[in-house]
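Here are some short notes for a first look at this model. Please read them with the structure open.

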Amino acid sequence: MLRYLPFLLVLALWIYAFIDCLNTPESQVRGLPKVVWVIVILLFGEVLIGPIAWLVAGKQRYAVAGGGGSTPSEWHRNHSTAKWVAPDDNPEFLRSLKEENKKDEALLKDWEADLRRREEELRRKSGEAPEGNNGANGDTPPAKDH
């Protein structure tokens, strides 16, 4: 089992460098175009030249100045430019809900007024129809034989 360890380590480094190269934005790639780096990693991965070259010279690395956290997640939490705010605590979101609510209420009032106007027109047109049967379904009561 131990004799396979070097092969597995080489394979792991090869896969890591390949995925890292694919996920790196074009603006952070140094030296060669990104496509060329992918080819170099794939062609020279078995002898570790491609992956090591990518890790050393292919990608811009930024040193963390001043610490700010012992883990990357702590550093990002401390150096984040935009703080996430829950929707219920976000005044802009709540304001937009109020504005949408006002628009919806105005639209509903317009619809109700239009409905009342149409109902009134129907009542005027069929003024002789009894209140219980306003002729909406088009049925007429059957004639009685006496």
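1. Start at isoleucine 41. In this predicted model, and leaving aside neighbours within four places in sequence, isoleucine 41 is in contact with Trp14, Ala17, Phe18, Cys21, Gly50, Pro51 and Trp54.

2. Ile41 also belongs to the largest nonpolar core, which has seven residues. The most comes from α2, which gives three residues.

3. Which residues of helix α3 are buried? In α3, which runs over residues 49-58, they are Gly50, Pro51, Trp54 and Gly58. These residues lie on the same side of α3 because they cover an arc of only 100 degrees around the axis. As a general point, an α-helix has 3.6 residues a turn, so residues three or four places apart point the same way.

4. The other side of α3 carries Ile49 and Val56, which are exposed. As for the buried residues of α3, what covers them includes α1 (5-23) and α2 (34-43). Three of the names in point 3, Gly50, Pro51 and Trp54, are also among the contacts of isoleucine 41.

5. One annotation should be read alongside the model. An unreviewed UniProt entry places the feature "transmembrane region" at residues 35-57. In the model, the end C-alpha atoms of residues 35-57 lie 15 Å apart. The span is 78% helix and 0% strand.

Methods:
Residues are numbered from 1 along each chain as its sequence is written. This is a predicted model: local features need pLDDT of at least 70, side-chain atom pairs count only at pLDDT 80 or more; totals for chains, interfaces and linings use all residues. Side-chain values use heavy atoms; hydrogens and water are left out. Buried means under 20% relative accessible area, exposed over 50%, partly exposed in between (1.4 Å probe, protein chains only). Helices (H or I, at least four residues) and strands (E, at least two) are DSSP runs, numbered from the N terminus. The arc is that of the directions from the helix axis to the C-beta atoms. Contact means heavy atoms within 4.5 Å. UniProt positions are given in the numbering used here, feature names are shortened, and annotations may be inferred rather than shown by experiment. A nonpolar core is a set of buried Ala, Val, Leu, Ile, Met, Phe, Trp, Tyr and Cys residues joined through side-chain atoms within 4.5 Å.
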